Amino acid sequence: MKKMRFLLFMILGISWSVQAEKQKITLLLDWFVNPDHAALIVAQQKGYFAENGLQVDIIEPADPSMPPKLVAAGQADIAVNYQPSLHMQVDEGLPLIRIGTLISSPLNSLVVLQSSQISHLADLKGKKVGYSISGFETALLDTMLKSVGLSGDDVEMINVNWSLSPALISGQVHAVIGSFRNFELNQLDIEKHPGKAFFPEQHGVPSYEELILVVNKDRLQAPKFKQFLTALQQASDYVRANPDEAWQVFVSYKPQELDNELNRRAWRDTLPYLSQHVGILNRQKYQEVAEFMAKHKLIKKIPNIEDYAVELVK
């Protein structure tokens, strides 16, 4: 009996030791959970984070602008961020560095209603275009317009805050810049107002990574970040190999919030844009975007890529 108790204590001791050794990571999302976060949620639900010795707390922000700032201040470990935003944040002096990629291509689009008379970008002349955030979005629009012989002076820009689809449906504007092609197009279609999208990367804008992962530069050497990326790659591989099963895993995170028609459609349309190699760094893409942003005076100088983007795992 004493031997049995001893063995039981040994087993429990090993279990407690494993739990105690798990590294904690606070992960701040850029927005509420959605299919853009497929690999993150699947890694959590399938236990890939736990298998790699991690306890990951996934937090949805009340203010989407805060996650990178909190990571820069050392109050969180990892933030989901946008590549264009990272360039500007680094230019402002925030100690942030990219370690991985969730969405490797742009999702941002210029969207019009199919019922409008706008079939080509040139048809935007004299029209109203809604936007949420000036800066990068207006630079996208200017570049897209230039590709068809127009300029920003040929349209009227209207700040519609975050009400892109409602502004379009109500007729407040003729087009919106900043709509995600995997969400707003599906939202418009569900509401019986189908839309048409023009993609920035097809109209003079260099391709960029829509969603990336950033950490504080001073904490870059922490082993847990490599463990995190290893788990994330496992999840990414699983999602691509088993998209239907992965959808069920994804919605199990918050069934009442995630299991709906919009997310189901967005899941389908997001899969082609998910990063296949989450840790790989496309240096050319970062250089081209930095040059684009410097040209449009969104950043003051072009830094060395190694100062704000690294490749921790391959």
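Which residues does Thr143 touch, not counting residues up to four places away in sequence? In this predicted model, Thr143 touches His203, Gly204, Val205, Phe292 and His296 once those sequence neighbours are set aside.

Thr143 has its place in helix 6, and because its relative accessible area is 12%, under the 20% limit, the residue counts as buried. A polar atom of the Thr143 side chain lies 2.9 Å from the backbone oxygen of Ala139. Thr143 also belongs to the lining of the second largest pocket, together with Asp142, Lys146, Leu150, Ser151, Gly152, Gly204, Phe292, Lys295 and His296. Two elements, helix 6 (136-146) and helix 13 (283-295), each give two or more residues to that lining, and the largest share, 3 residues, comes from helix 6.

The largest pocket has a volume of about 1300 Å³. Its lining comprises 45 residues, of which Trp31, Tyr82, Ile133, Trp162 and Phe180 are the closest to the centre. Helix 5 (residues 83-91) gives the most to this lining, with 4 residues.

A search of the whole structure for cavities of 30 Å³ or more finds 1. The largest cavity is lined by Ala39, Leu102, Ala235, Ser236, Val239, Leu274, Ser275 and Val278, and helix 9 supplies the largest share of that lining, 3 residues.

| Space | Volume | Lining residues by class |
|---|---|---|
| Largest pocket | about 1300 Å³ | 21 nonpolar, 13 polar, 11 charged |
| Second largest pocket | about 170 Å³ | 2 nonpolar, 5 polar, 3 charged |
| Largest cavity | about 50 Å³ | 6 nonpolar, 2 polar, no charged |

In soluble globular proteins, nonpolar side chains tend to be buried together. In this model the largest nonpolar core has 49 residues, and the members that touch the most others are Leu27, Leu213 and Phe228. Helix 9 (residues 224-241) gives the most to this core, with 8 residues; helix 9 is also the element that gives the largest share of the lining of the largest cavity. When neighbours within four places in sequence are left aside, Phe228 is in contact with Ile25, Leu27, Leu40, Phe49, Leu54, Val56, Ile78 and Leu213, a list that includes Leu27 and Leu213.

**Positive phi angles outside glycine**

Lys192, which lies in the loop between helix 8 (184-190) and strand 9 (195-198), has a phi near 65°, a positive value in a residue other than glycine. Its relative accessibility is 71%, and because this is over the 50% limit, Lys192 counts as exposed. Lys297, found in the segment after helix 13, likewise has a positive phi, of about 60°, although it is not a glycine. At 73% relative accessibility, Lys297 lies over that limit and therefore counts as exposed, whereas Thr143, with a relative accessible area of 12%, is buried.

Technical notes. Residues numbered from 1 in each chain as written. Predicted model: local features only at pLDDT ≥ 70, side-chain atom pairs only at ≥ 80, totals over all residues. Heavy atoms only, no water. 1 Å grid on protein atoms, 1.4 Å probe; cavity = no way out; pocket = protein on both sides within 12 Å on 5 of 7 lines; lining within 4 Å. Points joined across faces, edges and corners; volume = space filled by probe spheres on them. Nonpolar A, V, L, I, M, F, W, Y, C, P; charged D, E, K, R; others polar. Core = buried A, V, L, I, M, F, W, Y, C linked by side-chain atoms within 4.5 Å. Buried < 20%, exposed > 50% of the residue type's maximum accessible area, 1.4 Å probe, protein only. Contact = heavy atoms within 4.5 Å. Polar contact = N/O pair within 3.5 Å; in protein donor to acceptor, adjacent residues only side chain to side chain.
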